[in-house]
Amino acid sequence: MKGYLEKVPQRVGMSWRYKKIVENSKSYGWHRHEEYEIAIHRHFTGHGFIGHHQSDVFHNHMILVGPDLPHAIYSDDSTDDQRVCETHVIWFRKDWIEPLIASCRELEPLRALLEGSKKGLQFSPSSAEKATELLDRVMEKPPHQQLLTLFSLFSVLLDDEEVVQLINPIFKDNEGDEISDKLDKVEAFLMNHFIQDISINDLASHLYISESSVRRLFQKHYKETFSQRLKKIRLNVACDLLINTSLPVSLILEKVGYDNQANFNRQFKSYKQVTPTQYRIAMKRH
């Protein structure tokens, strides 16, 4: 599955980007990006997907994902309005790090780590804790000290003796291929038609399977219903447009399949705990 191509905003004059995200729930559907990504998840439990690998998410869950590798993360359902799902995310570009490794022999060990990230790498909770401590108030430091922090973080990853590769390159069977193909078609259909008024019956017809089979597919592999998944895709795309464009909210809601602003605002606030305008303002600060 290819996933939605997420455009990571670049910091002017900077070689990498860092963001701390705090929400009451975590729901980021299948997406990918051109950059390497280090993500540290804290203070919540849930499920993570790297390619077709699924694993539990827990406090101090840290992964390294290579460019164009689809991934998704969902927090477990909770009735606790005070719950805090904290994620620290670092992005850096391939065309920046590779020439750096080539010119600095001291960085050569990073090459194997980045190669492993093509199949996803998971690090130990102790490394995640060290990394979080390094990132504390990092954006308040001068640019050269921010860069030194990133190199210190690389050192933490290289010193971890409990790294786990998430996608097994050897295991493959016909059933797995068939499920993979269906999931690819589901994702492509939803991403191509989310702006339209589509139903689970439309997807079932597209896949040439029954509605009950579609429901089972969603329950097993997405841990949510068709309507929940469709809503999250629409709202995730809306989040991207709020961050990366200056389009008015009234136009954004139309671009993601809504025709009623009150309904859009209500669902967005339920999803992100803030209004679309508040979300745009908050994200522009990072």
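At what angle do the axes of helix H1 and helix H2 cross? Select residues 94–103 for H1 and 109–116 for H2: the axes cross at roughly 150° and come within 9 Å. Axes here are lines fitted to C-alpha atoms over the stretch in contact, with angles from 0 to 180 degrees between N-to-C directions. H1 is therefore roughly antiparallel to H2 (over 145 degrees). The crossing is left-handed (near helix turned anticlockwise from the far one by less than a right angle).

This is a predicted model: local features need pLDDT of at least 70, side-chain atom pairs count only at pLDDT 80 or more, and totals for chains, interfaces and linings use all residues. Numbering runs from 1 along each chain as its sequence is written, and side-chain values use heavy atoms, without hydrogens and water.

Ile-97, Ile-101 and Ala-102 of H1 meet Leu-110, Arg-111 and Leu-114 of H2. By class, that contact has 5 nonpolar residues, no polar and 1 charged.

Move to the sheet. It is open, with 6 antiparallel strands in the order E2-E9-E4-E7-E10-E11. Select 16–23 (E2) and 164–165 (E11): these are the edges, each with a single partner strand, so one side of each lacks a neighbour in the sheet.

Now select E4 (36–42) and E9 (85–92). They pair in the antiparallel sense over 7 bridges (pairing takes at least two DSSP bridges). His-41 stands opposite Thr-87 in E9.

Last stop: Ser-75, in strand E8 (71–75). Ser-75 counts as buried because its relative accessibility is 12% (the cut-off is under 20%, with a 1.4 Å probe and protein chains only). Beyond four places in sequence, its contacts include Phe-44, Arg-83 and Cys-85.

Notes
Helix = DSSP H or I, 4+ residues; strand = E, 2+ residues; numbered from the N terminus. Buried < 20%, exposed > 50% of the residue type's maximum accessible area, 1.4 Å probe, protein only. Contact = heavy atoms within 4.5 Å. Parallel < 35°, antiparallel > 145°, perpendicular 65-115°, else oblique. Nonpolar A, V, L, I, M, F, W, Y, C, P; charged D, E, K, R; others polar.
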